[in-house]
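Have a look at it first, then work through the notes below.

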Amino acid sequence: EVTEEGEAVVAAVAAVAERIEAEREHLTDLDSAIGDADHGGNMARGWAKAADAASDLEDPDPETVAKTVGKTLMSEVGGASGPLFGGSLVFAAAELDGGITAETAVAFAETYLEKVQDRGDARIGDATMVDALTPAVHTFKKSIEVDDLPPLEALAKAVDAAGRGVAFTVPVRARKGRASYLGWRSVGHQDPGATSTLFILEEVLAVSADR
Ligand code: ADP
Ligand code: MG
Ligand code: MG
């Protein structure tokens with residue numbers, strides 16, 4: 001039922017906002033090592049506003065919630081990551097037209113990843129959010145389409161894969177974004193955007209498992 005699904009998405013957005021706020025300093029620390037120390041603040045501000053905007057929606061359906069959150073992130077997060085998180089979400093939201101099923105969830109995930117790559121031009125191994133996102137999306141799609149797992153199990157596997165992707169950003173050299181300016185000095189540092197991507201996925205899983 002569309003309304004109930006919309007409320008689940010609003011709840012997920014609230015959970016993400018709370019988690020990102022709790023991780024604000026952690027994300028700031030990661031970004032201060034290889035960037036400009038604003039990722040925690042950017043994301044906490046953007047997700048708090050996004051949660052407000054989502055909860056203000058009169059009659060939320062998944063597409064509208066996702067679109068609203070994306071637009072808010074685009075205008076509030078700023079930096080390199082705002083347009084990547086927000087703009088990609090606005091595009092991917094259209095895949096949720098008609099509700100959330102295993103099929104539309106896969107389409108949403110694939111479109112989101114595609115847009116992040118179109119906009120940021122980062123490949124896997126460049127030590128960006130793409131390193132968390134790519135294994136998550138590929139694992140989710142494969143778990144649903146090939147292994148025929150229930151969506152919740154597929155999502156849990158996707159979150160595990162994202163975690164391994166985050167760990168992979170540590171020993172490789174950053175090739176996109178501010179961290180790339182450091183050259184070889186970026187080696188040994190965990191990417192902030194990959195880390196916040198993992199936190200978002202963990203909260204979506206937690207809310208989905210609760211319902
Ligand atoms: P800024 O670097 O402008 O201060 P943030 O600190 O909010 O922006 O976000 C930094 C994160 O954005 C990085 O950790 C990385 O994951 C992500 N990022 C930066 N550039 C790109 C890109 N071209 N493609 C994908 N992700 C990127
Ligand atoms: Mg930054
Ligand atoms: Mg910045």
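**How the helices pack**

H5 and H6 pack with their axes 8 Å apart, at an angle of about 135 degrees. Axes here are lines fitted to C-alpha atoms, for helices over the stretch in contact, and angles run from 0 to 180 degrees between N-to-C directions. Keep in mind that this is a predicted model: local features need pLDDT of at least 70 and side-chain atom pairs count only at pLDDT 80 or more, while totals for chains, interfaces and linings use all residues. Residues are numbered from 1 along each chain as its sequence is written, and chains are lettered from A and ligands numbered from 1 in the order in which they are written.

**H5 against H6**
- The two helices are therefore oblique to each other (under 35 degrees counts as roughly parallel, over 145 as roughly antiparallel, 65 to 115 as roughly perpendicular and the rest as oblique).
- On the H5 side, the contact includes Pro 83, Leu 84 and Gly 87, and on the H6 side it includes Phe 108, Thr 111 and Tyr 112 (contact: C-beta atoms, placed from the backbone, within 7 Å).
- The residues of this H5–H6 contact divide into 8 nonpolar, 4 polar and 2 charged (Ala, Val, Leu, Ile, Met, Phe, Trp, Tyr, Cys and Pro count as nonpolar, Asp, Glu, Lys and Arg as charged, and the others, Gly among them, as polar).

**H6 against H7**
- The axes of H6 (residues 102–120) and H7 (residues 130–145) come within 10 Å and cross at roughly 155 degrees.
- That makes H6 roughly antiparallel to H7.
- H6 passes H7 in a left-handed crossing.
- The residues where H6 meets H7 split into 10 nonpolar, 3 polar and 3 charged.

**Around ligand 1**
- Of the 23 residues around ligand 1, Gly 79, Ser 81, Gly 120, Gly 177 and Gly 193 come nearest (a residue is near if its C-beta atom, placed from the backbone, lies within 6 Å).
- Helices H3 (39–55), H5 (81–93) and H9 (192–210) are the elements that give two or more residues to this shell.
- H9 supplies the largest share, 3 residues.

**The whole chain**
- The protein chain has 9 helices and 0 strands (DSSP runs numbered from the N terminus: helices are H or I, at least four residues, and strands E, at least two).
- Its C-alpha trace spans about 50 × 40 × 30 Å along the principal axes.

Note on methods:
Left-handed = near helix turned anticlockwise from the far one by under 90°. Contact = placed C-beta atoms within 7 Å.
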